[in-house]
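The exercises below are to be worked through with the sequence and the model in view, and each is followed by its solution.

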Amino acid sequence: MAGTGDIHLRDNALLRVKDLNVRFPVSGGRVVQAVSGISFDIMKGETLGLVGESGCGKSTTGRAILQLPKPNSGEVVFDGVDLTELSPNELRRQRTALQMIFQDPISSLNPRRRIADVVAEPLRVWGPSDRREQQLKVEAMLEAVGLDPAAKNRRPHEFSGGQCQRISIARALVLEPKLIICDEPVSALDVSVQAQILNLLEDLKVQYELTLVFVAHDLAVVKNISDRVAVMYLGKICEVADPDELYVRPAHPYTELLLGSSPVPDPNHPLDREMVAGGELPSPTNPPSGCRYRTRCERADEQCAVLEPQLRQVREGHFVACHHPLVDVPVSLGETRVAVG
Amino acid sequence: MTDSNTTISQVSSASDRPLLEVRGLSTSFHTERGTVAAVSDVSFTLERGKTLGVVGESGSGKTVLSRSIMRLNTSGNAETTGSAVFDGEELITKPMKEMKNLWGRDIAMVFQDPMTSLNPVVKVGRQITEHLRHHLGFSAAEAKATGIELLRSVRIPEPEERFNNYPYQFSGGMRQRACIAIALACGPRLLFADEPTTALDVTVQHQILNLLGMHQKDRFMTMVLVTHDLGVVAGRTDEVAVMYAGRVVEKAPTSLLFSEIKMPYTQALLSSIPKIVDTKHTRLAAIPGRPPDLINPPSGCAFSPRCAYVQDRCREERPPLADMGNGHSFACWFPVGSDESERAYAHNLAAGLASAVMVDVGRKRVAS
């Protein structure tokens, strides 16, 4: 975008994030603008895919929803409550409805604990006080994620990466949350196992009426699981659309670059001698003025250096923040706020 | 870069024998739990100027294979048998002292993680010129000029300044470019690229793969590209070997492999990948279970516990890697597309075998 704007927000969303800013101080008094004024929302039962390259702020966005860390400014309204305004104690209570699944399944589980205890931990804090009830719940959860409850007394090292990710999912689900933030949950897994976990998440989503934020760098994975995809670049949102639309008719030059870079399992794909250079992300401590993508963009002109593009609608439910999008912008759609759900 | 290197490649390419011939190569590691048969009985021939893709999941032996050929498995518990003949020279029994003369000069490697393969306290320039001075006897000035040209050839902007940088001053993509420049410095005839882009972002991955392909073609270099991603090998290799549990289970010229998959594992691997052309929420044909334990591999075919076509014979007798005569070889009793395999599959589907149900999902996806 990269740009700002909130034209793509809808009414009655389960989660609404508005003008979110996350900054990290780095050495020399400089500041990294990890997330810079982004807005998005998620309807109940929807999966929002956040996609982009490393350093684009997608993981930071996911974590900022959970107030890990607290964003520097902006609203995070979950189920009618602005999480940024809660006291630590109130936030602790609210957070039971929001859970997270991390990238590295093995390091996100305590190696010294039995998996039954790992999964039961949230219940010990918030669940029923009866131990027997807790145990039954844990066993049901392990069963639901495709693990044999008989293995509940084993420790994480006795499981494969895919199984550890199932354990993480069971732990996230045990309090029956409304929203789960999945931060690259399959990128550390082998492709054959990755498909198992993606299918599992789709099943659990229906079974437990979950809403998901799915953060990933793999475009095909994001398309497979998402109902809506937001493409991020250097702390900004470039484009928001339904994946079936976005992948066929990308409107942002960056989305097009990402799609063109994905490896295609087709032997007749020719070697591209043009695309051997460039492609370095500018420093997030000193992002380009105007549109942050302009330094890599073929369409960039003077306007892009001065004026930050705002998100505008190019088709129903398809929003782009670009002065020179790859599709024509109908005036009637671009200027009005349209509720899409 | 330099003319002298181009000459080396051209002279040796005049010879007719294949650049690399691997026969019955096996590597095992002796561990406390038992012996891990990481690579078992792998054979292949690599002609000059060709690229072989080695594809497999983690633990399939693809990395150990390339390290075994290069003799980089130096830990005391590793044991390699068989033969790997590089341009007429046997590598497996070569004294380590002589291997040193080949590394970097004739055979080079690009590793997965550019940060750990560069020395963090040595300037990038010196890491490139090291080989030039040692192997080719360049003077400091010659080596520097060549080094800068190399950085330019891997598309590092402002190579004169970058030559004096430390690795931490480079981004991830630039580090991998520098690693490629180091590997290419002496104009090696054989380059192993072991997951060269796995640690990189998708746009950078695309550029690095194109860059490797460009240098490979321009220098008539022979390359082994090791990856877990079938998408990466598809457009960039002449031949593909698919590995599972330490063995090559299917090998064919790339276009033939993608059009006529015979080995159920290759088919399952390809159909389990989410495709960018599929619509959202497409049900994926996952492979049930997980790769086998290489200390106690299953009897018979190693893929049999996860296979949709599995029959009793598969569980008892390991299928040999058989060549069909057109360069396509595979190790399977019930190859995909044959009548026998269709009967086996129908039988398994009726019995409710998880792997067959998964393939059914994939077929319905293709049909719809």
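**Exercise 1.** State which residue follows α5(B) and give its phi.

Solution. α5(B) is followed by B:Gly137, whose phi is positive, near 65°. Helices here are DSSP runs of H or I with at least four residues, and strands are runs of E with at least two, numbered from the N terminus. This is a predicted model, in which local features need pLDDT of at least 70, side-chain atom pairs count only at pLDDT 80 or more, and totals for chains, interfaces and linings use all residues. Residues are numbered from 1 along each chain as its sequence is written, while chains are lettered from A and ligands numbered from 1 in the order in which they are written.

**Exercise 2.** Check the span of helix α5 (residues 124-136) of chain B against expectation.

Solution. The expected span is 1.5 Å times one less than the number of residues.

**Exercise 3.** Identify buried residues of α5(B) and name what covers them.

Solution. A residue is buried if 20 or more other C-beta atoms, placed from the backbone, lie within 10 Å of its own, exposed if 12 or fewer, and partly exposed in between. By this criterion B:Val124, B:Gly125, B:Gln127, B:Ile128, B:Thr129, B:His131 and B:Leu132 are buried. Their cover includes α6 (140-153), α7 (159-162) and α8 (172-184) of chain B. Over the whole of chain B, 52% of the 368 residues count as buried.

Methods. Two residues are in contact if their C-beta atoms, placed from the backbone, lie within 7 Å.
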